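Here is a short report on pockets, cavities and surface features. It is set out for a reader who wants the cut-offs along with the values.

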Amino acid sequence: MHVPDGFLDAPTSAVTGVVAVAAVGVALVKARTELDDKTAPMAGLVAAFIFAVQMLNFPVGAGTSGHLMGGALAAVLVGPWTGILCVSVVLLVQSLLFADGGITALGTNIVLMAVSTVVVGWLVFRLLQVLLPKRMSLVPVEAGIAAFVSVPVAALVFVLLYAVGGTADIPLDTLMTAMFGVHTLIGIGEGVITGLAVGAIVAVRPDLVRGARPLLARRELVIKKAEVAA
Amino acid sequence: MGAGHGHKLHFHGHSALHRAPAHLKVLALLGFMVVVVATPRDAYLAFAAYAVLLAVVIGASRVPPAYLLKRTVVELPFVVFAVLLPFVATGPQTEVLGVSVSQHGLEAGVALLIKGTLGVLASLTLAATTEPQDLLLGLERLRVPQQLVQIMAFMVRYLDVVTGEMQRMKVARESRGFSARNPRHWPVLARSAGALFIRSYERGERVHLAMLSRGYTGRMPR
């Protein structure tokens, strides 16, 4: 769901544009600590992955289907700064090459879908990692909960922006209830699928999951005696 | 809602608009849309003028209008929202076809449709007349940070590779008799997404190593 041109008024779009530029600027600097000189090729490929995964439709039943937004997934897999960068680039390409999301609403879309979901997803994920026992099997669960929370929070940010710069006077409590309700449902799908996807990656290549690295570092090499029938 | 994603929108041609420098086209699109968005919602005459201007530009680009119109489906979710607006907004009521609706909601809904449609058509015109490669050069000329343009370049370059990989995985799943119908099939799709991430990430590492071995130092050669 990309916000089109004219959905929010010009001043609000300008402010979100400035916020988006600042966030992407900081992410550009910080992503280098996550990826060093690999930033361009790695972030580019991860952005292509996010774009592709947004095309993967998950059937909900009764002929309808949804797809991932991928903010929390990106945060857990490649870290928050690279995540912001990747999702922002996806939105930029979608706006300029695929006409999805208005160019004047690009800042709004980045704030909602790149910054809010990635930051909320990462914070919830880290909080759960601190609170829960440090076990590899819990990483997918934590990622799933983080993704679940990130979607309705992004919807709340949208309602907030709409309250400031909306172009129609909808009673805010109606909008809030509708957006929050719908996006809590969408969040369940996002959470379950993010959790399952992270679980699939942790099972094969835990070293690629940034959120699992601290756990990986604590692992000790265990040499098991093979039970060979002599 | 990713309707319309996955295929390139570029329409091959040699019109003046195709040949125009990409950075000017991006600036023109941005300027045009800022003006459209800032226009008061009841200035219907101004909107008519914008539409005529856009129609002239599309005409000059020689991209068939049907080609563009077919691809406006990306704005569908917001058409639904715009249609609902008159029924949920507050303020003085008015009668349309015997149904009582909110006057403000009606005006806002109509304005949203007009502005949104102008925006989608203008963006489509840019996408249809600009090669991705030219667009990247244009962004560079607009002083978009090097690093960001490079990430974009890699994304655009490998987009078809990654989506192609996903497509092949889909064909492989379906040729084994799998079809996703309900949430019980989510684990299978999620595992595919996981495999796609691992393949993309590893491809990124290989690309980086290949670049290093050819003398890459952090900047793309001209």
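Helices (H or I, at least four residues) and strands (E, at least two) are DSSP runs, numbered from the N terminus. On that basis A:G191 lies in helix α7 (residues 172-204) of chain A. Its relative accessibility is 6%, so A:G191 counts as buried; buried means under 20% relative accessible area, exposed over 50%, partly exposed in between (1.4 Å probe, protein chains only). A:T39 is 152 residues away from A:G191 in sequence and 27 Å away in space, C-alpha to C-alpha.

The model is predicted: local features need pLDDT of at least 70, side-chain atom pairs count only at pLDDT 80 or more, and totals for chains, interfaces and linings use all residues. Residues are numbered from 1 along each chain as its sequence is written, chains are lettered from A and ligands numbered from 1 in the order written, and side-chain values use heavy atoms, with hydrogens and water left out.

Chain B has nine helices and two strands. Their order from the N terminus is α-α-α-α-α-β-β-α-α-α-α. Of its 222 residues, 44% are buried.

Helix α5 (residues 76-88) of chain B holds B:F87. B:F87 is exposed, because its relative accessible area is 54%. With B:V80, B:V83, B:L84 and B:V88, B:F87 forms a nonpolar surface patch of about 450 Å² accessible area together.

On a 1 Å grid over the protein atoms alone, a cavity is a set of points where a 1.4 Å probe fits but cannot get out, and a pocket is an open set with protein on both sides within 12 Å along at least five of seven lines; lining residues have an atom within 4 Å of a point.

| Space | Volume | Lining by class |
|---|---|---|
| Second largest pocket | about 830 Å³ | 23 nonpolar, six polar, one charged |
| Largest cavity | about 80 Å³ | six nonpolar, six polar, three charged |

The second largest pocket has 30 lining residues, and A:G17, A:V21, A:L92, A:L106 and B:L30 are the closest to its centre. Two or more residues each come from α1 (10-35), α4 (80-97) and α5 (106-131) of chain A and from α2 (22-38) of chain B. The largest share, 10 residues, is from α1(A).

The structure holds seven cavities of 30 Å³ or more. Fifteen residues line the largest cavity, and A:P4, A:A99, A:G101, A:G102 and B:V120 lie nearest its centre. Helix α6 (residues 103-129) of chain B gives the most to this lining, four residues.

Terms used:
Patch = residues over 30% accessible without salt bridge, like charges linked within 9 Å, V, L, I, M, F, W, Y side chains within 5 Å. Areas by Shrake-Rupley, 256 points an atom, 1.4 Å probe, with all protein chains shown as cover. Salt bridge = Lys/Arg side-chain N within 4 Å of Asp/Glu carboxyl O. Points joined across faces, edges and corners; volume = space filled by probe spheres on them. Nonpolar A, V, L, I, M, F, W, Y, C, P; charged D, E, K, R; others polar.
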